[in-house]
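Dear colleague,

Here is the structure I said I would pass on. My notes follow below it.

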Amino acid sequence: MDFLKTLKLQQKNLGVSTGSSWLKSKGELIESYSPVDGKLIGSVVSCDKNAYEKAVQTSLNAFKDWRLWPAPKRGEVVRQIGEELRKYKTPLGKLVSYEMGKSLQEGLGEVQEMIDICDFAVGLSRQLHGLTMHSERPAHRMYEQYHPLGAVGIISAFNFPVAVWSWNTMLAWICGDVCIWKPSEKTPLCGIACQQIIQHVFKNNNVPEGVSCLVSGGREVGEWMSNDTRIPLVSATGSTRMGKAVAAAVGQRLGRSLLELGGNNAIIISKEADLNIAITAATFGAVGTAGQRCTTTRRLIIHEKIYNSFKEKLINAYKQLKIGNPLNEKNHVGPLIDKDAVNAYLNAIEQCKSEGGKFIVEGGVLKGKGYESGCYVKPCIAEAKNTFAIVQHETFAPILYIMKYKTIEEAIELQNGVPQGLSSSIISNNLKEAERFLSHAGSDCGIANVNIGTSGAEIGGAFGGEKETGGGRESGSDAWKIYMRRQTNTINYSDKLPLAQGIKFDL
């Protein structure tokens, strides 16, 4: 594979780095098999406790220096990282596609997200504003400012093996923080590649060793980070189960956690919808990344007057899907990440049937030439009720549940009637319906869209959700504030010491 050579990936890679240095470790060997063809891509030596300690201590030492760099100077480093990512967009996009299984266009799109967040962060490096407030005391000035927080721990998931890391690091770096990243053990080579891409940018700019640390490994490494009082913020992306464990560990020590967890996203399709938009939004939302996005469309809530006609359009759209090697740009759907994901997919189908669901597009595992990995499955559609236990659960696979509604109030109630609260959408040309959906009485999700699907969030907006999605916000808007500590300052430039609230204290 030419892209493996371009990214300087070896058959066996060290998995712990403090920047330019790779640390020896006695950790377990993580073997990365591609879900595309089942072949071994390479292996990574995971982090042991000694290597972890060295990485953390190096990062803490680097923070003392890095926090004093002017923010625009840190932004210049991030700008150069963006340029480097532009050079490596194609090979890194191919690696994402091959190691994770998403289509090549989605792999390239993920690297583009990295480039975009670099651009965003560069501009932000000159806009880390606080506020000035009027003091109630004469000859006093009061304002607030933001300081670097410290070491940021990042635990990322396999489905976006590079983009989510960049959302955190680029903002954290311009804020003056150092980062310690544990990539998913299912996509470890993507982590190695990112560290190697940024290495010479850091070297050319004399960035302190330890500003970017990589600690490859499994659940144990994530637990070390979550319980480490030296890491004030842990940003974790993954399942709700994992997020609850991280939140409990970090909360126990009164640290901060930024959680991006499961989604159970719905599109409401109005009787006044543009059905061409609706069919594209629903189909891509449900089958993109083989249903392995936290923003994947898992439920369609369709008005009863167009239910049958839209159902037929959906069935016809699914007939046109091409499933196969994601590096072939003609294919729409690649494989699931591994056999465990395939089993979860099959179990969900059986549970849906046992609860009374009716499949109008049948699922199944594909076999034969081109499907040797055993990870390719058929996107499927079931008529189901929102109250089914399986519908309430997020299955990371291309299973779409559809249901009817009569009124917009009922549709919104169905949309909100799940434990998760990440992304939501309504397809409607009715202004009143759209505004109702976006109102206080509308969607309870962190993301609410009109006339687009549930997936494809842009980096300019804050990304995240409510309820069991965790409440975190990453990427755009003012998400940078979580990576900093806020300080209120009051300055007395008078010759007296007046007290607040008019309190008198005479000596």
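Pockets

By class, the residues around the second largest pocket are seven nonpolar, nine polar and two charged. Please keep in mind that this is a predicted model. The space in the second largest pocket comes to about 330 Å³. Its lining has 18 residues, and those nearest the centre are Thr-283, Phe-284, Val-287, Leu-321 and His-332. Two helices, H5 (104-124) and H10 (275-287), each give at least two residues to this lining. The largest share is that of H10, with five residues.

The largest pocket holds about 1,200 Å³ of space. It is lined by 45 residues, and Gly-238, Ser-239, Thr-240, Arg-241 and Met-242 lie nearest its centre. Helix H8 (219-227), helix H9 (240-252) and helix H12 are the elements that supply two or more residues to that lining. Sorted by class, the lining of the largest pocket has 17 nonpolar, 17 polar and 11 charged residues.

Strand E15 (residues 380-383) runs parallel to strand E16 (residues 399-405), and four bridges connect the two. Within that pair, Ala-382 is opposite Tyr-401 of E16.

Strand E4 and its partners

Which part of the chain is mostly covered? Strand E4 (residues 40-45) is, with five of its six residues buried. Strand E4 pairs with strand E1 (residues 12-14) in the parallel sense, through three bridges. In this pairing Lys-12 stands opposite Ser-43 of E4.

Strand E3 (residues 29-33) is also paired with E4, here in the antiparallel sense and over five bridges. Leu-29 has Val-45 of E4 as its bridge partner. E3 and E4 form a hairpin with six residues between the strands, and Gly-38 in that hairpin takes a positive phi near 80°.

The three-stranded sheet

A further open sheet consists of three strands in the order E5-E6-E23, and its pairing is antiparallel. Strand E5 (132-133) and strand E23 (484-492) are its edge strands, each pairing on one side only. How many bridges join strand E6 (residues 140-148) to E23? There are nine bridges between E6 and E23, which pair in the antiparallel sense. One of the residue pairs here is Gln-145 with Gln-487, its bridge partner in E23.

Where to start

If you want one place to begin, take helix H12.

Regards

Conventions: Residues numbered from 1 in each chain as written. Predicted model: local features only at pLDDT ≥ 70, side-chain atom pairs only at ≥ 80, totals over all residues. Heavy atoms only, no water. Pairing = 2+ DSSP bridges. 1 Å grid on protein atoms, 1.4 Å probe; cavity = no way out; pocket = protein on both sides within 12 Å on 5 of 7 lines; lining within 4 Å. Points joined across faces, edges and corners; volume = space filled by probe spheres on them. Nonpolar A, V, L, I, M, F, W, Y, C, P; charged D, E, K, R; others polar. Buried < 20%, exposed > 50% of the residue type's maximum accessible area, 1.4 Å probe, protein only.
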